[in-house]
Amino acid sequence: MKAITDYSSEDLNALLKDLQIQYQEARVQNLNLNMARGKPAAAQLDLSNKLLNKMENYTLADGTDARNYGILEGIPECRQLFGELLGLNPEQIIIGGNASLNLMFDTLSFLCLFGTGGCKPWLWQKYIGTPVKFLCPVPGYDRHFKICEELGIEMISVPLKEDGPDMDIVMDLVRKDASIKGIWCVPLHSNPQGVCYSDHVVDQLASMETAADDFRIFWDNAYGIHHIYEEVPLKDILKACMDAGHPERAYYFFSTSKISFPGAGISLIASGPENIKELKKHMSAQTIGHDKLNQLRHVRFFKTPENIRIHMEKLAEELRPKFDMVLDKLEQNLSGTGLASWSTPRGGYFVSLDTLPGCAKRTVDLARAAGVTLTEAGATYPYGKDPKDSNIRIAPTYPVIEELEKAMDIFTICVKIAGIEKIMKPD
């Protein structure tokens, strides 16, 4: 298909009719193909099945019985293993349950209820009539936005560039407005675009002047070791903050949700020493400790950081053909048409596609009617409102390759139909 601008009105009509025939042929197949969420497929989960083997010994290196109460911050062996993997100080790590999302929600809730570093609780700011605000690089992760929405935190969208957030905008906003309390960051293989933050951006985030003394970076390194095509280094945000004189500025989150089992993995939060003291104080009223047996299972299964990296390469081998399929289909069916542009991630779990303005919702609705489920249009923006109605997140990980091929053929037909309809009948 040539560039859409090269078609006459008559040619566009003929092309649209042909695409609609193809679309109806797809609909009658009654397919049920899901590319909505970044779920691991069964073949990926199978790589961790030995985690389910029965343990014969439950004793930690220091003699503690892992079946019993205690160890709020997580077992030492687990903090040591993931500290070495991620370059974090084990003493500044707390191991959580199966989802880092819980830790993010709890941490933000603690800040709202109790404040941090001697500053007023964030809810107090709301009570005196000043909104609490968070910066949200977009497109971004819908679950981050949901947390803010649930807690009544106002979200401000910031464009995400090729090397991270638009720091000119970020630095200007946080310098002027003390009601801006934080920023969400997915620094490696971001959801959904696959953006990787540069060293320069990390340094700027760590050192920038902020009007709020209690400004915090929520550093969700969810895909920190999910390298599909090539390994991308990431500068240490905690060290950068320490070097810049802001040792408590960042909260670092990580989990094994897409490494071992999403429903039975482990998560962690790391931060400056004072933040960790605060978190442990609040957590001690909430829980006696998370699942130490699961922590021990992960330690005995992986054993070393190198074994985790080997495991991740096996996962990459499972994912690479799926990402190849998606990118090949986009190239074959949409390249040069002017109807869409898309990311080419080096890792992570998603491909981000932009339709013509005003076409994302129509594309997703068409795909759903033809049996292909995608993340809702607008989900990658705060409040579910994409101002251009153009961004769509593609999640290639869950379907088998044969289903994925069918889904992508249908999806690209839907992109074309929505785009041509928009051109022929602009608002």
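These exercises walk through selected features of a predicted model.

**Exercise 1. Classify the ring pair F218 and Y251, and state which parts it ties together.**

Step 1. The structure holds 13 aromatic pairs. The rings of F218 and Y251 have their centres 5.4 Å apart. The cut-off for a pair is 6.5 Å, so the two rings count as a pair.

Step 2. Their planes stand at 65°. Angles over 60 degrees count as edge-to-face, so that is the class of this pair.

Step 3. Place the residues. F218 lies in strand β7 (residues 216-220), and Y251 lies in strand β8 (residues 250-255). The pair therefore ties together parts that are 33 residues apart in sequence.

Step 4. Check the surroundings. Both F218 and Y251 are buried. They also belong to one aromatic cluster with W122, F134, W184 and F253.

**Exercise 2. Describe the setting of strand β6 (residues 180-185).**

Step 1. Start with cover. Six of the six residues of β6 are buried.

Step 2. Find the strand partners. Strand β3 (residues 133-138) pairs with β6 in the parallel sense, over three bridges. β7 pairs with β6 in the parallel sense too, over four bridges.

Step 3. Name residues across these pairings. I183 in β6 is the bridge partner of L135. W184 stands opposite F218 in β7. W184 and F218 are both members of the aromatic cluster.

Step 4. Follow the chain onward. β6, helix α8 (residues 199-207) and β7 make a β-α-β unit, and this unit is right-handed.

**Exercise 3. Locate two cis peptide bonds that end in a proline.**

Step 1. One joins V138 and P139, with omega about -5°. P139 lies in the loop between β3 and α6 (142-151).

Step 2. Another joins N191 and P192, with omega about 10°. P192 is in the loop between β6 and α8.

**Exercise 4. Decide whether N30 and D389 are buried, partly exposed or exposed.**

Step 1. Take N30. Its phi is positive, about 55°, although N30 is not a glycine. N30 lies in the loop between α1 (9-27) and β1 (33-35). Its relative accessibility is 69%, so N30 counts as exposed.

Step 2. Take D389. Its phi is also positive, near 50°, and D389 is not a glycine. D389 is in the loop between β12 (372-374) and β13 (391-394). With a relative accessible area of 23%, D389 is partly exposed.

**Exercise 5. Find the lysines that lie over the faces of W124 and Y349.**

Step 1. For W124, the lysine is K120, at 5.0 Å from the ring centre.

Step 2. For Y349, the lysine is K258, at 5.2 Å from the ring centre.

Note on methods:
Residues numbered from 1 in each chain as written. Predicted model: local features only at pLDDT ≥ 70, side-chain atom pairs only at ≥ 80, totals over all residues. Heavy atoms only, no water. Phe/Tyr/Trp six-rings, centres within 6.5 Å; stacked < 30°, edge-to-face > 60°. Helix = DSSP H or I, 4+ residues; strand = E, 2+ residues; numbered from the N terminus. Buried < 20%, exposed > 50% of the residue type's maximum accessible area, 1.4 Å probe, protein only. Lys NZ or Arg CZ within 6 Å of the ring centre and 35° of its normal. Pairing = 2+ DSSP bridges. Right-handed = clockwise from strand over helix to strand, strands pointing away.
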